[in-house]
Amino acid sequence: FCNGTVYVANGGAANNAPSVNSVVMFDATGANAGNFTAAVSPFDIFPLNATEILVSGSGNNPDVTRHNVSGALVGAWNNGTINFAEQITQRTNGEFLIAGFTDGQIHRYNASGTDLGNLFAAPGARGVFELQNGDILWTSSTGVHIKNLTTAVDTIVLVTNGAQFANRLTIAPTCYANCDGSTSLPVLTANDFQCFLNAFAATDSYANCDASTTTPILTANDF
């Protein structure tokens with residue numbers, strides 16, 4: 001998702017899809033917004049900056065292509081150092097990481113696509129994502145791994161068949177003070193407490209402020 005557009009890597013021509021080497025675009029409502037030709041068998045699309053995106057692919061010529069947000073090809077971003085590029089992500093230090101499936105490496109690049117060397121070996125890597133503590137989560141056909149870059153210890157945290165891409169999911173709290181959703185000042189008023197009381201009386205899960213999981217879910221602790 002970038003600049004209000006959802007980009008989907010397309011892997012075939014069935015169901016009226018355009019081709020095996022294309023990216024299909026949708027707007028935020030799900031309406032088809034066209035498509036464009038990209039890397040050979042595209043796998044991931046990731047924002048390079050506010051006006052351009054990167055597309056990785058299983059073909060190696062080039063490994064990653066660079067496009068404007070409308071899909072027009074800007075050029076090859078990287079060519080020749082990855083064997084089967086899958087997920088692209090960006091670290092907090094600005095580096096881009098790409099999972100190399102066939103060569104089994106997590107690759108590092110700067111914003112210009114210059115190869116900064118491999119971060120670590122990751123056999124059959126598919127997904128890659130930097131966690132908030134600086135560790136690297138990566139996936140493969142064996143499951144989900146976490147690599148501690150300080151100790152070099154690699155821990156498999158989920159054994160599964162064919163783990164794919166990873167991303168961060170932010171879950172909104174079930175209970176928040178501005179219960180009535182007001183936007184004018186003061187935002188927090190007695191109306192919010194009444195809203196909470198109504199939710200509590202209706203056994204609405206919203207009122208589960210302490211996020212308890214044992215019965216009864218709603219208790220005095222939620223107040």
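Author: Strand 9 and strand 10 pair in the antiparallel sense over five bridges, where two strands count as paired if DSSP finds at least two bridges between them, and where strands (E, at least two residues) and helices (H or I, at least four) are DSSP runs numbered from the N terminus. This is a predicted model, in which local features need pLDDT of at least 70 and side-chain atom pairs count only at pLDDT 80 or more, while totals for chains, interfaces and linings use all residues. Residues are numbered from 1 along each chain as its sequence is written, and side-chain values use heavy atoms, with hydrogens and water left out.

Reader: Which residue stands opposite Ile 106 in strand 10?

Author: The residue opposite Ile 106 of strand 10 is Ala 99.

Reader: And what is the order of the strands in that open sheet?

Author: The open sheet is formed by four strands in the order 8-9-10-11, with antiparallel pairing. Its edges are strand 8 and strand 11 (115-121), each of which pairs on one side only. On average, neighbouring strands of this sheet are turned by 25 degrees against each other, with direction ignored; the axes behind such angles are lines fitted to C-alpha atoms, for helices over the stretch in contact, and angles run from 0 to 180 degrees between N-to-C directions.

Reader: Before going on, what does the protein average in pLDDT?

Author: The average pLDDT is 90, and 97% of the residues score at least 70, pLDDT being the predictor's confidence in each residue, from 0 to 100.

Reader: Changing topic, how many salt bridges does the structure hold?

Author: There are four salt bridges in the structure, each being a side-chain nitrogen of Lys or Arg within 4 Å of a carboxyl oxygen of Asp or Glu. One of them brings together the side chains of Glu 52 and Arg 66, at 2.7 Å from N to O. That pair links distant parts of the chain, since Glu 52 lies in strand 5 (residues 52-57) and Arg 66 in strand 6 (residues 64-68), 14 residues apart.

Reader: Is Glu 52 buried or exposed?

Author: Glu 52 is buried, at a relative accessible area of 12%, whereas Arg 66 is partly exposed at 24%; buried means under 20% relative accessible area, exposed over 50% and partly exposed in between, with a 1.4 Å probe and protein chains only.

Reader: Which residues are linked in a network of salt bridges?

Author: The network links Arg 91, Glu 95, Arg 108 and Glu 130. Within it, Glu 95 and Arg 108 meet through their side chains at 2.8 Å from N to O. Glu 95 sits in the loop between strand 8 and strand 9, and Arg 108 in strand 10 (residues 105-109), 13 residues apart. Both of these residues, Glu 95 and Arg 108, are buried. Glu 130 forms a salt bridge with Arg 91, their closest N and O atoms being 3.3 Å apart. Here Glu 130 belongs to strand 12 (residues 128-130) and Arg 91 to the loop between strand 8 (85-90) and strand 9 (96-100), 39 residues apart. Glu 130 and Arg 91 are buried as well.

Reader: On to the rings, how many aromatic pairs are there?

Author: The count is 11 aromatic pairs, taking rings of Phe, Tyr and Trp (its six-membered ring) whose centres lie within 6.5 Å, with planes under 30 degrees apart called stacked, over 60 edge-to-face and the rest tilted. Among them, Phe 43 and Phe 84 form an edge-to-face pair, 4.9 Å centre to centre with 75 degrees between the planes. Phe 43 is in strand 4 (residues 42-47) and Phe 84 in the loop between strand 7 (73-78) and strand 8, 41 residues apart. Phe 43 is partly exposed at 30% relative accessibility, while Phe 84 is buried at 17%. Phe 46 and Phe 96 are likewise edge-to-face, at 6.2 Å and 90 degrees.

Reader: What cluster do ring pairs link Phe 46 into?

Author: Ring pairs link Phe 46 into a cluster with Trp 77, Phe 96 and Tyr 109. Phe 96 is buried, with a relative accessible area of 0%.

Reader: Why is the disulfide left-handed?

Author: The torsion about the S-S bond of Cys 179 and Cys 195 is about -60 degrees, so the disulfide is left-handed. Cys 179 is buried at 11% relative accessible area, and Cys 195 is partly exposed at 21%.

Technical notes: A disulfide is a pair of cysteine sulfur atoms within 2.5 Å.
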